[in-house]
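Here are a few quick notes to read alongside the structure. Have a look at it below, then go through the points in order.

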Amino acid sequence: MQTSHQLPSEIKSVWRMSAFGSLLIGIVIIGLLILANYFWSWPFWLAAVASVLVVLDVMVELSIVPYRYRFWRYAINENDVEIESGFFFHHETAIPITRIQNVTLSAGPILQWFKLKTVIIETAADRYEIEAVLPETAETLKVRIMTLAARKDVEDA
């Protein structure tokens, strides 16, 4: 990957909030299992196992945030958009500029709170995401990718 760019550091807070969201969902499920035990005599060990799994999930999610950040990169050059992610399961994806059909910017509530946007790159067969960048960077990426794609279309015609 030539001049690769890293995601902004705010993404770490987004990932941490996502882990706490998982914790809240897990607590609700555990509460429902406890209620099921109380009202319908479901085995209590289900709630105990769920508790352990929820705690392990949140611990793993929180502990991999620094690694996830360190190994998430993207680069845009004349021929392709490259996205690299993963520590244990390393993925390097090269999306040819000639295959790109659309670039969309998206931001859910948490990303909006942290003033970030996701860049979604669509081809005929698949869709790829640059998980979160600053709004100015997102606009620049969108314009650059679409300009390169339009230029390649003219060259190929």
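Is Phe114 buried, partly exposed or exposed?

1. Keep in mind that this is a predicted model. As for Phe114, a relative accessible area of 23% makes this residue partly exposed. To count as buried, a residue would need to be under 20%.

2. Now look at the ring beside Phe114. The ring centres of Trp113 and Phe114 are 5.4 Å apart and the planes sit at 45°, so this pair is tilted. Trp113 has 58% relative accessibility and therefore counts as exposed.

3. That is one of the aromatic pairs; the structure holds three. Another joins Phe39 and Trp40, with centres 6.2 Å apart and planes at 55°, so this pair is tilted too. Both of these residues are exposed. Ring pairs also bring in Tyr38, giving a cluster of Tyr38, Phe39 and Trp40.

4. On to the helices. Helix α1 covers residues 10-40 and helix α2 covers residues 45-63; their axes come within 9 Å and cross at roughly 180°. That is why α1 is described as roughly antiparallel to α2.

5. Who meets whom here? On the α1 side the contact includes Phe20, Leu23, Ile30 and Leu33, while the α2 side includes Leu46, Val54, Val58 and Leu62. Arg16 in α1 and Asp57 and Glu61 in α2 are also among the contact residues. By type, the contact divides into twelve nonpolar, four polar and three charged residues.

6. One last thing to find: Lys12 lies over the face of Tyr69, at 4.6 Å from the ring centre.

Key. Residues numbered from 1 in each chain as written. Predicted model: local features only at pLDDT ≥ 70, side-chain atom pairs only at ≥ 80, totals over all residues. Heavy atoms only, no water. Axes fitted to C-alpha atoms, helices over the stretch in contact; angles between N-to-C directions. Helix = DSSP H or I, 4+ residues; strand = E, 2+ residues; numbered from the N terminus. Parallel < 35°, antiparallel > 145°, perpendicular 65-115°, else oblique. Contact = heavy atoms within 4.5 Å. Nonpolar A, V, L, I, M, F, W, Y, C, P; charged D, E, K, R; others polar. Phe/Tyr/Trp six-rings, centres within 6.5 Å; stacked < 30°, edge-to-face > 60°. Buried < 20%, exposed > 50% of the residue type's maximum accessible area, 1.4 Å probe, protein only. Lys NZ or Arg CZ within 6 Å of the ring centre and 35° of its normal.
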